Amino acid sequence: MAFYNTDVAQLHDDLVNKRVSATELTKAAFKQIKATDDDVKAFLALNEEAALDQAAKLDQAGIDPDQPLAGIPLAVKDNIVTKGLTTTAASKILANFKPVYDATVVEKLLAAGAINVGKTNLDEFAMGSSTENSAFQTTRNPWDLTRVPGGSSGGSAAAVAAGDVLGALGTDTGGSIRQPASFNGVVGMKPTYGRVSRWGVIAFASSFDQVGWLSQSVKDNAYLMEAIAGADKRDMTSANREVPNYVANLAKADVKGLRIAVPKEYFGDGIDADVQEVVEAALAYYESLGAIVDEVSLPHTKYGIPAYYILASSEASSNLQRYDGIRYGFRANDVKNLEDVYVRTRTEGFGPEVKRRIMLGTFSLSAGSYDAYFAKAAKVRRLITDDFNKILKDHDVIMGPTAVSTAFKIGAEVTDPTKMYMNDLLTVTTNMAGLPGMSVPAGFSKENGMPVGLQIIGKAFDEQTVYDAGYVFEQTTDFHKQTPRLGGQN
Amino acid sequence: MAEKLGREAAKHVAELAKLSFTDEELDQFVPQLEDTMHLFDDLQKMDTTGVEPMYSPTQEANVMREDVAVPSGQRDALLANAPETDKGLIKVPAIIDESED
């Protein structure tokens, strides 16, 4: 059974009323993974024994009607640590790493009774937009196996699109949840910086990274977010703010009078015409539902890519200093001295994209470059954030395309890093400002039939309005119900 | 500011980052990095006089807590992740260079 045409609420009802057991659902997830994953390659590790064990225990105890996620199979991106289960960040340098603790988000999931079926593929250390930078495998897009699933949370997005699970955890540093969601026709929410704990998430760029969900529907995403959001003593950047009842509040969702800002910089040059066409139709649809659509300007948008690649690479070069071949992970063979351990371990353990980013970051932070690069980019970050805040004073949300194109062909961009970076044009600025952003399925390209995502950006800590706007759209359209034709369904 | 990174500077940065590249790799990496840094030139033209740099979107103030050591009871699991161990300790190569014997 593929997890299509069902949702968290339906499965929960079936579980509580014993129409299905947690064991049956978990077995169904593994059956679907085995039927699809030779083609899709979404998973790096399966957690079959522990998952079935946990399901059996839940079935024996009975499903708690107050735990909507109890017995629901879900997946976890492989840069989020899971106790006793290999966590690699898709890097050779962590190929055999077995964490001794669970990340806060995993701990919360397990406490909610959810079942972790396995770890999903990503670009090494979440650096990339296609999963082609994984040291182990390239995930393929279930809608067209010759195309990438996007990245870096490409494994999570493909697993959801393939019907393996209803939801999968992702991380988003510059668009890594939203862009793959757009490429795979699923929902992807990056919450406000600080909404979700980062404790146990393998750090890439600490002032940008956030954990969120890839899911088949907005409502499921809201269920899943409720389970992981909130302050955490172990992450001092997690925000001490109450988490709303996202799902319950959806019942009141309405877009009549919703003030939607549409930045003119999110259309035109550099954004494919087939993508613009779908997004313009979605905006017209919101208008027909009574929303007020205004064209606005976010003038510093084009500086987002250079500023982001300076700041995020700088943070990465610092965060990745810990991989030294001493206490855990890969160590190069036949090393002669300490310097050799460091240099050869890192040179053999990191892939080319990670090395490029470490080089960019080290350069930007080095004496003589700091002011012109790192400090300058941090000032531009302020200007980008001010742009957003100014627009969001008079508007409830900002909308536009999530990605500049639909899913591109495997191999098409991986040899040209700078071209690959431009994929993040419409998503990085949200991370710079720390705002919540979600991609929802908005239709299909007339050119190649691939899914197109609509991006909805909200005010800080106002995920609710973003969910509401996406929910109304999905209640009255059926794009999110379309599924790829892939072997092993039914 | 549109100066090129260049091969020698790239080697210096690699040294700072504890990475090394072969000549063939530098042939590929240096133009790629220069290409990306070309994007950075746009920033140099911007007037940012008086703009306060922003290093993080967090609005949380520093949170203080007591620094209390808690036994993890996971010595074996931790050691199992180490590349080389000996009698319950992590083994590392000699810090003194042995390559010049």
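Helices here are DSSP runs of H or I with at least four residues, strands are DSSP runs of E with at least two, and both are numbered from the N terminus. Read in these terms along its sequence, chain B of this predicted model follows the pattern α-α-α-β-β.

**Figure 1. Chain B, with three helices and two strands.** The radius of gyration of chain B is 23 Å, well over the 13 Å that the globule rule gives for 101 residues, so chain B is more spread out than a compact globule. Along the principal axes, its C-alpha atoms fill a box of roughly 60 × 50 × 20 Å. Buried residues make up 12% of the 101 in chain B.

**Figure 2. Chain A, with 16 helices and eleven strands.** For its 490 residues the globule rule gives 23 Å, and the radius of gyration of chain A, 21 Å, is close to that value, so chain A is as compact as a globular protein of that length. The C-alpha trace of chain A spans about 65 × 55 × 45 Å along its principal axes, and 62% of the residues of chain A count as buried. Among the contacts in chain A with a separation of 6 or more, 77% join residues 24 or more positions apart. An unreviewed UniProt entry carries the annotation "domain: Amidase" for residues 24-466 of chain A.

**Figure 3. The contact between chain B and chain A.** On the chain B side 47 residues take part, in contact with 56 residues of chain A. Helices α1 (7-16), α2 (23-44) and α3 (75-80) of chain B each supply at least two residues of the side that touches chain A. The largest share of that side, ten residues, comes from α2(B). By class, the side of chain B that touches chain A has 28 nonpolar residues, twelve polar and seven charged.

**Figure 4. Strand β7 (residues 259-263) of chain A and its parallel partners, β8(A) and β9(A).** Four of the five residues of β7(A) are buried, so this strand is largely enclosed by the rest of the structure. Five bridges join β7(A) to β8 (residues 292-296) of chain A; here A:Val262 has A:Glu295 of β8(A) as its bridge partner. Helix α9 (residues 273-288) of chain A belongs with β7(A) and β8(A) to a right-handed β-α-β unit. Strand β9 (residues 397-401) of chain A is joined to β7(A) by two bridges, and the bridge partner of A:Ala261 in β9(A) is A:Ile398.

**Figure 5. Strand β10 (residues 437-444) of chain A and its antiparallel partners, β5(A) and β11(A).** Of the eight residues of β10(A), seven are buried, so the rest of the structure largely encloses this strand. Strand β5 (residues 187-190) of chain A pairs with β10(A) over three bridges, with A:Met438 of β10(A) as the bridge partner of A:Met189. The pairing of β10(A) with β11 (residues 451-458) of chain A comprises seven bridges, and there the bridge partner of A:Phe444 is A:Pro451 of β11(A). The hairpin of β10(A) and β11(A) has six residues between the strands, and in this hairpin A:Gly449 takes a positive phi near 75°.

Note on methods. Residues numbered from 1 in each chain as written. Chains lettered and ligands numbered in written order. Predicted model: local features only at pLDDT ≥ 70, side-chain atom pairs only at ≥ 80, totals over all residues. Rg over C-alpha atoms; globule rule 2.2 N^0.38 Å. Buried ≥ 20, exposed ≤ 12 C-beta atoms within 10 Å, placed from the backbone. Contact = placed C-beta atoms within 7 Å. Nonpolar A, V, L, I, M, F, W, Y, C, P; charged D, E, K, R; others polar. Pairing = 2+ DSSP bridges. UniProt positions renumbered as here; feature names shortened; annotations may be inferred. Right-handed = clockwise from strand over helix to strand, strands pointing away.
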